[in-house]
Amino acid sequence: MVRRDRLRRMREWWVQVGLLAVPLLAAYLHIPPPQLSPALHSWKSSGKFFTYKGLRIFYQDSVGVVGSPEIVVLLHGFPTSSYDWYKIWEGLTLRFHRVIALDFLGFGFSDKPRPHHYSIFEQASIVEALLRHLGLQNRRINLLSHDYGDIVAQELLYRFKQNRSGRLTIKSLCLSNGGIFPETHRPLLLQKLLKDGGMLSPILTRLMNFFVFSRG
């Protein structure tokens with residue numbers, strides 16, 4: 001009897017929490033997203049877009065050292081964007097003739113179609129399409145990748161080694177801080193929820209802030 005009473009009170013408590021949380025969440029989700037910071041606004045303004053199968057893909061392309069043949073392409077992590085690289089961008093332009101980065105589909109300033117079956121294979125094809133768009137498909141490319149970008153880079157490396165597409169010639173590859181071995185990779189719960197792109201994804205994205213992101 002005591003246990004039944006305790007369960008009843010617990011159910012009532014959860015109902016009250018739900019009744020309070022739902023309108024608060026709805027109100028929060030309808031608050032306009034924050035304005036871009038000056039740094040992000042500058043990053044977007046200095047970049048460009050190209051179209052891949054009707055979808056707009058954001059990218060940065062800077063000319064660096066004159067006379068150097070070296071080109072580096074930067075592949076960002078999950079769930080961020082090309083802005084990951086902004087602190088080392090100037091330094092890279094002192095080493096390479098061309099410094100290029102893109103926002104993968106569904107990230108940053110690139111389009112985020114929904115519903116859509118996002119895949120590593122498509123992201124790799126987008127990288128190849130960007131290099132064709134820039135007329136660099138026959139140039140030797142240095143790849144620098146991070147996290148999610150490591151997996152895309154591995155797909156590009158596989159295509160290069162197997163001569164599957166012939167669109168990207170890799171000169172060097174640097175993988176940083178990524179789950180490159182699937183059997184040992186343990187993604188966070190938040191990463192799993194965002195990756196699946198289900199009903200929770202837009203809510204989780206809207207609830208994200210600097211504190212939550214930095215804790216992750």
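Me: What share of the 216 residues in the protein chain is buried?
Reply: This is a predicted model, so local features need pLDDT of at least 70, side-chain atom pairs count only at pLDDT 80 or more, and totals for chains, interfaces and linings use all residues. Residues are numbered from 1 along each chain as its sequence is written, and side-chain values use heavy atoms, with hydrogens and water left out. With buried taken as under 20% relative accessible area, exposed as over 50% and partly exposed in between (1.4 Å probe, protein chains only), the buried share of the 216 residues is 35%.

Me: How much of the accessible surface of the protein chain belongs to carbon and sulfur atoms?
Reply: The total comes to about 13900 Å² (Shrake-Rupley, 1.4 Å probe; for residues, only the protein chains shown count as cover). Of that surface, carbon and sulfur atoms hold 61%.

Me: In what order do the six strands form the open sheet?
Reply: Strands pair if DSSP finds at least two bridges between them, and here the pairing is mixed. The order in the sheet is S1-S2-S4-S3-S5-S6.

Me: Which strands stand at the edges?
Reply: An edge strand here has a single partner, so one side is left without a neighbour in the sheet. That describes strand S1 (48–52) and strand S6 (169–176).

Me: What does the twist average from one strand to the next?
Reply: Axes are lines fitted to C-alpha atoms, for helices over the stretch in contact, and angles run from 0 to 180 degrees between N-to-C directions. From one strand to the next, the average twist is 25°.

Me: What is the bridge partner of Ile141 in S6?
Reply: S5 (residues 140–146) and S6 run parallel, joined by seven bridges. Across from Ile141, the partner in S6 is Ile170.

Me: What angle does the direction of helix H4 make with that of S1?
Reply: First, helix H2 (residues 38–46) packs on the sheet, touching S1 and strand S2 (55–63), at about 90° to S2. Helix H4 (residues 120–133) packs on the sheet too, touching S1, S2, strand S3 (71–75), strand S4 (98–102) and S5. Contact means heavy atoms within 4.5 Å. The angle between H4 and S1 is about 115°.

Me: Is Asp147 buried or exposed?
Reply: Asp147 lies in the loop between S5 and helix H5 (148–162). Beyond neighbours within four places in sequence, its contacts are Gly77, Phe78, Ser176, Asn177 and Gly178. Its relative accessibility is 17%, so Asp147 counts as buried.

Me: Which backbone nitrogen does the side chain of Asp147 reach?
Reply: The distance is 2.8 Å. The nitrogen belongs to Phe78.

Me: What is omega for the cis peptide bond from Phe78 to Pro79?
Reply: Most peptide bonds are trans. Pro79 sits in the loop between S3 and helix H3 (86–93). The bond from Phe78 to Pro79 is cis, with omega near 0°.

Me: What is phi of Lys53?
Reply: Lys53 is in the loop between S1 and S2, and it is exposed at a relative accessible area of 72%. Its phi is positive although the residue is not glycine, with a value near 50°.

Notes: Helix = DSSP H or I, 4+ residues; strand = E, 2+ residues; numbered from the N terminus. Polar contact = N/O pair within 3.5 Å; in protein donor to acceptor, adjacent residues only side chain to side chain.
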